[in-house]
Amino acid sequence: MFRSFGAAALAVLTGLTVAVPAASSEAGPGAVQQGLNSLVREHDFPAAMASVREPNGRGRFYSAGVGDVRTGEPVPVDGQVRIASNTKMFTSTVVLQLVGEGKIGLDEPIETYVPGLVRGEGIDGRDITVRQLLQHTSGLPEYFTVDYKDVQHRYVEPRELVDRALAMPAVFAPGTSWRYSNTNYVLVGLIVQRVTGRPVGEEITRRIVEPLGLRHTYWPGVGEQTIREKHAHGYYTPSTSDGRRFDLTELDPSWGWAAGQMIATPGDLNRFLAALVGGRLLAPAQLAEMRRTVAAPGFPPNLRYGLGLMRIELSCGEVAWGHGGDIDGYETRDAITEDGRAATVAVTALPTPEQAPRLLADAVLDTALCQ
Amino acid sequence: MLKKLSVLLVAGVLTACGTATATPQRIDAATQRQDPVQQALDALVRDDHFPGALAAVREPGGRTRDYTAGVGDLATGARVPVNGQVRIASNTKMFTSTVVLQLVGEGKIGLDDSVEKYLPGIVHGITVRQLLQQTSGLPDYDDVLITDYFKVQHTFYEPRQLVDAALTRPPLFAPGAGWSYANTNYVLAGLIVQQVTGRPIGEEITRRIIDRLGLRETYWPVAQDIRRAHPHGYWPDAEGRPVDVTEMEPSMGWAAGQLISTPRDLNAFMTALLGGKLLRRAQMSAMKTLVDAPDFDTTGTARYGLGLATFDLSCGGVAWNHGGNAPGYITRNAITDDGRVATVVVTGPAMSLPAAEHVEKAVDTALCS
């Protein structure tokens with residue numbers, strides 16, 4: 001979950017040469033619709049949807065499949081999904097705002113903000129910087145090693161997530177390599193809380209969601225397991241292909257927290273990306289930091305990682321910025337091109353381990369942005 | 001905050017209160033004024049300078065009388081809402097303890113299990129019972145975090161941060177070797193509930209107690225305001241002037257003091273609890289098994305069970321109580337064995353020991369007259 005390319009997928013992806021997904025040869029809106037149709041018909045996703053936002057702000061919504069496999073009801077137009085790791089863009093934006101306000105130093109050891117908290121085998125908060133957390137170069141191990149089906153309704157305190165991670169040894173020494181880890185963003189969330197004295201969900205809401213008027217975007221409260229507005233149901237994908245799918249729409253999102261708690265619509269996610277890349281949330285210096293990328297070994301070769309923001313090289317040669325998110329029930333892929341075309345593609349189940357390396361939703365995103 | 005007497009006795013005098021306001025006019029004002037409970041509340045406002053006071057007294061038969069005195073808002077002079085919502089602070093401990101004891105009854109928690117069994121690596125050699133009984137010897141995080149309340153009024157704390165703050169100090173005594181009131185104990189109890197149930201403590205309290213009893217004015221707040229009609233609460237600034245602290249971040253209380261309720265709801269809760277509607281006999285008996293807790297209240301005779309204490313009545317006999325102090329609200333409440341129950345709230349800190357005694361005396365008056 002909350003990975004941009006699922007924990008399961010991550011292992012599969014490592015060492016593979018993944019081709020940059022090819023855009024459909026057929027340009028225009030038809031190609032996006034065809035891509036969604038194919039996700040449902042050929043690849044068994046219960047539903048697939050996409051929202052495409054033109055540089056002038058005009059949006060189009062596409063969908064295929066059903067919103068509820070039991071009743072067969074249609075996919076609601078621009079319904080809400082769990083955006084999982086896309087939350088990291090929001091968390092990182094808050095941190096970078098605080099950097100701009102002089103309250104957090106990007107290259108400050110995290111010990112300054114969470115003294116004594118980060119200790120473990122090969123792990124020491126005095127040797128890890130805020131930037132390394134945001135960049136996934138801290139070497140901190142991943143806490144999410146369970147199956148969401150087994151913890152579907154279980155609430156966890158963010159500190160328990162940290163405890164779980166710190167029980168494992170460091171993956172590498174800080175700054176020496178790159179490894180995606182939700183632990184980084186849970187710690188970042190704790191730092192935001194220490195520095196602001198307010199819950200990270202409240203800071204995200206006050207600093208981003210409300211000023212941008214993202215009316216369908218929210219941070220689910222403590223214990224809140226449902227999705228508030230109209231939405232397609234999300235389904236669990238068993239690790240073996242013969243297993244049965246079941247409805248995982250309702251779950252306790254506390255396992256994501258500052259790394260993956262949020263709910264939004266594809267349309268709102270596009271609006272957020274446009275505002276972020278358009279400089280409406282960060283000062284130029286901090287936006288430049290966010291867009292300064294490093295190689296992301298193990299991820300597809302067309303991706304590089306900034307600070308909670310990925311640089312995506314599209315098949316048409318253009319560059320786009322986004323993040324994406326995976327949580328059991330929903331996979332989202334989203335990005336905005338340099339000239340301001342934004343797209344979000346969502347499917348209502350994670351790809352199976354066999355499907356994951358094929359980057360199916362990513363290909364539709366590429367289609368939407370390259371047309 | 002949320003606790004024992006010592007914190008209440010803030011230096012300085014709340015003189016600039018302007019609380020010489022008349023009690024709200026009522027149709028039966030004359031009768032009401034002769035009522036000893038009303039007289040006690042009037043005296044709390046007039047003589048002890050509490051901005052406002054409210055109470056609910058319930059007879060064993062079920063009839064409730066509501067009382068108010070003083071003003072609900074010093075800025076506007078608005079009256080105290082009848083049965084208004086208040087921060088019940090440490091009364092939350094009765095709710096948390098009840099949930100723990102329900103889980104004991106369900107075989108999910110052992111009272112004499114070590115805390116470590118549920119929360120590995122945080123504290124050592126302490127049992128669940130010692131937490132609920134305040135005999136763990138753990139220091140109180142309030143003493144570490146609060147030096148000037150206004151500096152933390154709007155600060156959010158994660159529960160584990162509260163525990164961390166307490167553990168920066170050495171233990172007061174070996175577990176079981178003494179009694180000392182500490183919110184830390186109940187934050188740990190709340191974390192145990194979350195570990196065992198897999199749900200947030202506020203949700204467990206809501207589902208197992210509030211919803212079940214239909215306490216419609218009682219809730220676990222996440223925001224900083226108070227939802228329904230309520231008197232404003234006050235805390236003195238450095239010069240002793242009352243400052244409105246109604247809006248505050250409640251997370252510093254958490255399982256030790258987060259809840260908001262009304263005098264009537266608190267009476268209903270205590271009636272249900274002591275009436276055996278929430279706990280099985282064995283757990284009720286564990287809750288009522290007492291140790292000496294001399295500094296729990298101003299009488300010096302209190303004994304403490306598991307989130308429930310005794311309160312000696314002037315008319316003879318012993319009532320069950322807890323009470324709570326939040327910045328802005330002092331709540332004192334008790335229920336007799338025959339089911340007479342009273343809750344009294346004042347909307348500022350006690351500025352003297354006699355003032356603190358008078359709040360407790362008002363509960364005694366309500367139960368003895």
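Colleague: Is helix 3 of chain A largely enclosed by the rest of the structure or exposed, and why?
Modeller: In this predicted model, helix 3 of chain A is largely enclosed by the rest of the structure, because 12 of its 14 residues are buried.

Colleague: Which residues of helix 3 of chain A are the buried ones?
Modeller: Among them are A:Lys88, A:Met89, A:Phe90, A:Val94, A:Val95, A:Leu96, A:Leu98 and A:Val99. A:Thr87, A:Thr91, A:Ser92 and A:Thr93 are buried as well.

Colleague: How does the span of helix 3 of chain A agree with what it should be?
Modeller: Helix 3 of chain A covers residues 87-100, and at 1.5 Å a residue its 14 residues should span 20 Å. The end C-alpha atoms are 20 Å apart, which agrees.

Colleague: And what comes just after helix 3 of chain A?
Modeller: A:Gly102, which takes a positive phi of about 80°.

Colleague: Let us turn to the strands. Which strands pair with strand 14 of chain A?
Modeller: Strand 12 (residues 319-322) pairs with strand 14 in the antiparallel sense over three bridges. Strand 13 (residues 325-327) is also antiparallel to strand 14 and is joined to it by three bridges. Strand 15 (residues 342-347) runs antiparallel to strand 14 too, with six bridges.

Colleague: How many residues lie in the turns of the hairpins?
Modeller: Two residues lie between strands 13 and 14 of chain A, and A:Gly329 in that turn has a positive phi of about 110°. Four residues lie between strands 14 and 15, where A:Gly340 in the turn has a positive phi of about 90°.

Colleague: Which faces of strand 14 of chain A are covered?
Modeller: Both are covered. A:Tyr330, A:Thr332, A:Asp334 and A:Ile336 are buried on one side, and A:Glu331, A:Arg333, A:Ala335 and A:Thr337 are buried on the other. Strand 14 spans residues 330-337, and eight of its eight residues are buried.

Colleague: Stepping back, how compact is chain A, and why?
Modeller: Chain A has 10 helices and 15 strands. Its radius of gyration is 19 Å, close to the 21 Å that the globule rule gives for 371 residues, so chain A is as compact as a globular protein of that length. Of those residues, 56% count as buried.

Colleague: Changing topic, how many residues of chain B are in contact with chain A?
Modeller: 13 residues of chain B are in contact with 13 residues of chain A. Helix 9 (159-166) and helix 11 (201-213) of chain B each supply at least two residues of that side of chain B. By class, the side has four nonpolar, five polar and four charged residues.

Colleague: Where is B:Val193, and is it buried or exposed?
Modeller: B:Val193 is in helix 10 (residues 183-197) of chain B. It counts as buried, with 26 C-beta neighbours inside 10 Å. B:Val193 touches residues including B:Val99, B:Leu103 and B:Ile201. B:Val100 is 93 residues away from B:Val193 in sequence, yet their C-alpha atoms are 6.5 Å apart.

Conventions. Residues are numbered from 1 along each chain as its sequence is written. Chains are lettered from A and ligands numbered from 1 in the order in which they are written. This is a predicted model: local features need pLDDT of at least 70, side-chain atom pairs count only at pLDDT 80 or more; totals for chains, interfaces and linings use all residues. The radius of gyration is taken over C-alpha atoms; the globule rule is 2.2 Å times the number of residues to the power 0.38. A residue is buried if 20 or more other C-beta atoms lie within 10 Å of its own, exposed if 12 or fewer, and partly exposed in between; C-beta atoms are placed from the backbone. Two residues are in contact if their C-beta atoms, placed from the backbone, lie within 7 Å. Ala, Val, Leu, Ile, Met, Phe, Trp, Tyr, Cys and Pro count as nonpolar, Asp, Glu, Lys and Arg as charged, and the others, Gly among them, as polar. The expected span of a helix is 1.5 Å times one less than its number of residues. Two strands pair if DSSP finds at least two bridges between them. Lists of a residue's contacts leave out its neighbours within four places in sequence.
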